[in-house]
Amino acid sequence: MKERVQLDLADLPLHGQGQASPTWWGTAAFMLIEGSAFAVAIAMYLYLLGIAPSWPLAAAPPDVGPGAIVTLILLVSLVPNWLVGRWARQEALRKVQIGTVVMCFFGIAPLIVRAYEFKALNVWWDANAYGSVLWLLLGLHSTHLVTDLADTIVLAAVLFTRHAHNRRRLGDVEDNVMYWNFVVLTWLPIYGCIYWIPRL
Amino acid sequence: MANRTLPLTLPIALLCSGCTGWQSVLDPHAIQASRLEQLIWLFVAVCGVVWVTVTVVLVMALLRRKTPYSHTDTRMTRIVRAAVIATVVIITGLAIVSFYATRGLSSSDATALEIRVRGYQWWWEVTYLDARADQVFITANEIHVPVGRTVSLQLAAADVIHSFWVPNLTGKQDLIPGRDNTLSFTPREIGVYRGQCAEFCGLQHAHMALLVVVESAGAFEHWRQGQLAPAATPRGGEQETGKHLFESKACASCHNIQGGTASGTVGPDLTHVASRRYIASGLLETNRGSIAAWVADPQTLKPGNNMPRVALDASELNALSAYLAALQ
Amino acid sequence: MSDSRQPGVSDAQLERPELESHLAATWRTPGGLWGVLSTVDHKIIGRRYIVTAFVFLALGGVLALLMRLQLAGSERRVLSADWYNQVFTMHGANMMFLFAVPVMEAMAIYLVPLMVGTRNIAFPRLNAFSYWLYLAGGIMLWTAFALNMAPDVGWFAYVPLSGPQFGAGKRADIWAQMITFTEIAALAVAIEIVVTVLKQRAPGMTLQRIPLFVWSMLVTAFLVILAMPTIMIASTCLILDRLVGTHFFNPSEGGDVLLWQHLFWFFGHPEVYIIFLPAVGMVSSLVATFAGRPVFGYLAMVLALISTGVLAFGLWVHHMFVVGLPRVGESFFTISSMSIAIPAGVQIFCWLATLWDGRLRFRVPLLFVIAFIITFVMGGLTGVMVASVPLDTQVHDTYFVVAHFHYVLIGGAVFPLIGAIYYWFPKMSGRLMSERIGRWVVGLLFVGFNLTFFPMHVLGLLGMPRRIYTYSPEMHWDALNLFSSVSATILAAGFLLFFIDVIRSLRRGPQAPENPWGASTLEWATTSPPPGYNFPRVPVVGSAQPLWDEPESLAVACGLRVDRRELLITSVVSAQPQAREASPRNSIWPFFAALASTLMLIASIFTPWAMVWGSVPVLITLIGWFWPKGDPEDEG
């Protein structure tokens, strides 16, 4: 077909920031998928609660200690997370490098405590449906933490290479920051289900 | 069947010259099934008219001479809007009719005959309930009820999900492990009606039939007394041998025969097995020959069912079948 | 850190022949095995997906013929009970998970980037990955069937039959893991479609100028994103119950049998709209082209698509009308199930209005639209019937329902699909299919389908339940079943003829020009088949029918580089240019990642620890995938 030029795109940036970047949208879509999965798991929890004669089923409620510590670590981690995002937008590479390494530790810490948290549930996954759904919720979120940690470690490694000098990388950092917010946020209703609903 | 002359239903009527038949939705013999049948024809009529209308409009659209496309669609907009409104009205109407039909289906009748049906892979355990413990009895695969009296079924499942469906009498209801469901119907005519499990339940789902025998109050009472009685005493040496074999071989570990020592509860109760029209859940008509065939090799007749093959020689088989065939 | 104007060759500086040769080199897929394994070209992957899906259709059709052979008469011995149960489970699972959803997504993978005027789909490597994963899942399922290990619990795998106590062996686990494969693949494609449609549209393609097919795929993609996680969780919980002793569905330990059904159908009902909405979008494309006018009521059509998508989530209990839920609650679902007929009706009326006022050309695709309307409306109306709770208590789980869903699936999805293949085949292959053979295909499919499936309405009313491997002669179902089985050969002949036409046309069909049908959307503004880069310059649109409103020449934008893979990112609502984004080059990593994932998923059927050690190779391949390459595409 014949063409006639109507628009010149030469002045556009080579990589969009924030919502002008496909990976932002990809991350958002992934959050929607994961969020749906969590919503389903929580709905299962409430459904099983609804048909149970008593709740928790044949078990003591989970010990609050480890869960509270994990929640604390995650909430505290939002601060360095936010800082990393800000530094990425300011294109302060050095700070972003350090911040991302710090976020790696904030990713490892809850996983260590999480191991104790499983035991503190006071019920095994194969004891009854209550145990099963508790382990499902905690297991889903733990998978989240693990995959995001792997992500963050790899990203941190890349940030120390020559590929770091690139707005695209900083866009990746911002997406990672956004996703970590999501990981922390989705923990809160799960935390409520596991620890506080049995005590109501 | 006076309403069947709507022209839309003619092709259907032609196709199902077996419209009257057992296990047919279109041959109701209970109050509930009648209401449902009327509902179905109403829906068929309304939906049929809609389908014909759409098809006619389509054909007209395809065949008409076209004026050039004018880019102004205001008249068409009004027509489409009207069609949408008509759709809403029709759907609302059908939903309301459906809602009232639902209400008509459920009945809580204090004088109902209470029966518990428990679904097993691949047979039906039937327990006639009564406040007086000595009036409770268990049978299998065949339900007798007096005409005109509401029957209330309590549905339970022993293993997987099954579904109780006797279309001549009412709609179906599932039997679900861990759940108590109920179903009721009020039979209007005397007759024998077939039902079949309507939820896929494994290998022999296809062979899980049951019969509902609707009879006069007198006949029902006669039957009930017969079922309450212990098993018929064996007459003659062959039947005696048969009883002895039954109680000493594997049979007794699964089956119960009241009045003897066989008291297994894994398989159907056989106290009055010969009084039932079919054995193996609708598979074979009951007679001595089919009983022998079944006992000889249940796995060939109904592969995968839970009755194992028990090794028996010819004379043992004869004795057993003689005994069982006499358990009226 | 550098930004906007980079050195590099811009398309503004080049004449057309030089431009095209630069672009061809940049967007090239090499030949040979390496090219096959590493391509990220949405057209190659889309075609591959379509072909694979049709192979599964053929396989599933053979299963259907086996079933009809078995049921042609009472007490036949073609298939034993065990084989029959595997066959009908495979037929359903294969058609739903390996054919219907993938083929619709595949059409979108091919067409959506072209229709919105971009060079490649978003996340092209994810696209490649999703195909390999889909293929792996399909191979796993069919291998299991060949080994007499196929699932035999129905495509819906109700517990407790599929649970640890009654589902012996690994059959149900294979089913559950096949779900995982296909759902991950489908979710990946859904993300790509959403991002492509929202962020990669041609400048000027505002929301009101998006083709209806693209709208239908956008809505479908959201349905996939919101519905499929449910079945992922459900199938995971089933495997957990079977493998590690959880009790989600065990009523004696606080679990619930109905929980499975709620989870499955909460996904299962949107699933059928995931299949149906793309077909609806195809119908809109076909009607517009062969009526020579835009579809009547664009806004109404878009709203109908969106409301269908929303309503689709509110219907699921209509699959559970006889499980003993409170009747009042069930009645709500009667209302919601019936009301989805309203947006469907809106669409039918709009198409009828379009046909009424259009200048019709009765080519094969339009014939399929006609077949669609007649058949789908009937299926939709029996849907209104089964939406009624009391009515459903009689026909649920009978052949009446089998008739209903085949009318809406074959009438409502397969007829438009075949018509769409006739329509877009020239674009995809550069050759036209045969009008003459195509008419035979429509005729055989339409007649064969109706003769096969209409009698099933009657059989259901005569008491024939579903999923039975045989029936007794005293039921008097023989005649209708025989009629249905014989008619199935007509239907099969139609499909066979279709496949023959495809193969013949690929070899000897007449060459297709850019726009053989005189259509209005952007995919027809480039060669048939399109080059790797789709368009020499990114199109700019000023209306919803760009090729009709400006037939002389295509408005385009310049300024994209030709020495790296570049495409345009635009804003969500009004498609204003925002950035020149790089599109990834060919990569072998998606293939390796899919291999690693396949290993992990299949091993985890047998031991839960596979999820742990299996994730290591997956991690390694993902690092390979995402590690920056330092190529021009990485410049920011």
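Ala219(B) is found in helix H4 of chain B, a helix being a DSSP run (H or I) of at least four residues and a strand an E run of at least two, both numbered from the N terminus. The exercises below start from this residue. This is a predicted model, where local features need pLDDT of at least 70, side-chain atom pairs count only at pLDDT 80 or more, and totals for chains, interfaces and linings use all residues. Residues are numbered from 1 along each chain as its sequence is written, chains are lettered from A and ligands numbered from 1 in the order in which they are written, and side-chain values use heavy atoms, with hydrogens and water left out.

**Exercise 1. Find out whether Ala219(B) is buried, partly exposed or exposed, and place its helix against the strands E4 and E10 of chain B.**

Step 1. Recall the cut-offs: buried is under 20% relative accessible area, exposed is over 50%, and partly exposed is in between (1.4 Å probe, protein chains only). Ala219(B) has 31%, so the residue is partly exposed.

Step 2. Look along the chain. His144(B) is 75 residues away from Ala219(B), yet their C-alpha atoms are separated by 9.5 Å.

Step 3. Now take the whole helix. H4 (residues 217-228) lies across E4 and E10 of chain B and runs at about 135° to E4(B). Axes here are lines fitted to C-alpha atoms, for helices over the stretch in contact, and angles between N-to-C directions run from 0 to 180 degrees. Contact means heavy atoms within 4.5 Å.

**Exercise 2. Work out the strand order of the open sheet in chain B.**

Step 1. The three strands come in the order E4-E10-E9, with mixed pairing. Two strands pair if DSSP finds at least two bridges between them.

Step 2. At the edges are E4 (142-146) and E9 (191-196) of chain B, each pairing on one side only. On average, neighbouring strands of this sheet are turned by 20° against each other, direction ignored.

Step 3. Zoom in on one pair: E4(B) and E10(B) (residues 209-215) run in the parallel sense and share five bridges. Ile143(B) has Val212(B) as its bridge partner in E10(B).

**Exercise 3. Describe how helices H5 and H9 of chain B pack.**

Step 1. H5 (residues 237-248) and H9 (residues 314-325) of chain B meet at an angle of about 95°, and their axes are 7 Å apart.

Step 2. Angles under 35 degrees count as roughly parallel, over 145 as roughly antiparallel, 65 to 115 as roughly perpendicular and the rest as oblique. H5(B) is therefore roughly perpendicular to H9(B).

Step 3. Among the residues in contact are Leu245(B) and Phe246(B) of H5(B), with Leu320(B) and Tyr323(B) among those of H9(B).
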